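Here is a short briefing on one protein chain. Look at the sequence and the fold, then read the points below.

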Amino acid sequence: MDINLLTREIIHEHKQPFLLHGAGGSFFEAGISIGNCYSVGAQRYMLFMGWQTPPGGHWRGDIGRIMVRPDLTLEMDGDVAFMASDEEDSVSLSYPWVEKTDNGTFKMWYGSTVAWDAGNGEMLHVIKSASSRDGHIWHKEGAAIPYEIGRAQAFSRPTVLIDAVGGYRMWFSYRSGQGEAYRIGYSESRDGIAWTLKLDQVGIDVSENGWDSTMIEYPYVFRHGHNTYMLYNGDGYGKTGFGLAVLDDNKVEKSDFL
């Protein structure tokens, strides 16, 4: 979908998918959930979560990588996961986000399941970080965002901005573990490794009524011109539509694109 950010108008809706899920037995056989794009030299890449639903087992994910061509067509970068489960992340991986730093290195934040049930009926799914010198080989650095059982324990979809002085700002989805649906949370860091949870400073919440009144999730924050925008999903994991929010002096103005 192409959108005019100034007029909030939908310019064009692409009816056909740009990329399909994989064949049976592949690491993305059950679906693709995109992270973001980053460039290494002249090549632009898109990372994504590849979904699997093994027979008799729990759904799970690995991280894959797509090559983005100059004409915006997409091609899988290999037949196997770009980042798969290992000793550090033994259960499931999700939603990667990559930023290139001022010194030319790369930082990644991604989701990792610790347990499907943390003892209160909700999973413990945390956000971890990794670093790379070349954008291809990654070194995992462990947990990034602090979690708290019963307050913020099921995280997903990190989206990060690096400010002019080198600080880091992250928005993400999270569930408390007390039965509430997804909300959008916020955290800050000086180095992109050690983060402080600041849920009360997120600046956005569910609406009093309408399409995003019970759930908001899967944020994607980006800058355009002099503004900072957020795309996010509404009720039912986006079944009711997605919206656009604008950060303005710590206040958020919402628009919806159903």
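Buried means under 20% relative accessible area, exposed means over 50%, and partly exposed lies in between (1.4 Å probe, protein chains only). This is a predicted model: local features need pLDDT of at least 70, side-chain atom pairs count only at pLDDT 80 or more, and totals for chains, interfaces and linings use all residues. Residues are numbered from 1 along each chain as its sequence is written, and side-chain values use heavy atoms, leaving out hydrogens and water.

**Salt bridges**
- A salt bridge puts a side-chain nitrogen of Lys or Arg within 4 Å of a carboxyl oxygen of Asp or Glu.
- By this rule there are 12 salt bridges.
- E13 and K15 form one of them, at 3.9 Å from N to O.
- K15 is exposed at 66% relative accessible area, and E13 is partly exposed at 43%.

**A linked network**
- D86, E88, D89, K128 and K140 are joined in a network of salt bridges.
- In the bridge between D86 and K140, the closest N and O atoms are 2.9 Å apart.
- K128 meets E88 at 2.8 Å, N to O.
- K128 is buried at 8% relative accessibility, whereas E88 is partly exposed at 37%.

**Nonpolar cores**
- A nonpolar core is a set of buried Ala, Val, Leu, Ile, Met, Phe, Trp, Tyr and Cys residues joined through side-chain atoms within 4.5 Å.
- The largest has 15 residues; W109, I145, F155, M170, F172 and W195 touch the most other members.
- A second, separate core has 14 residues, including I63 and M83.
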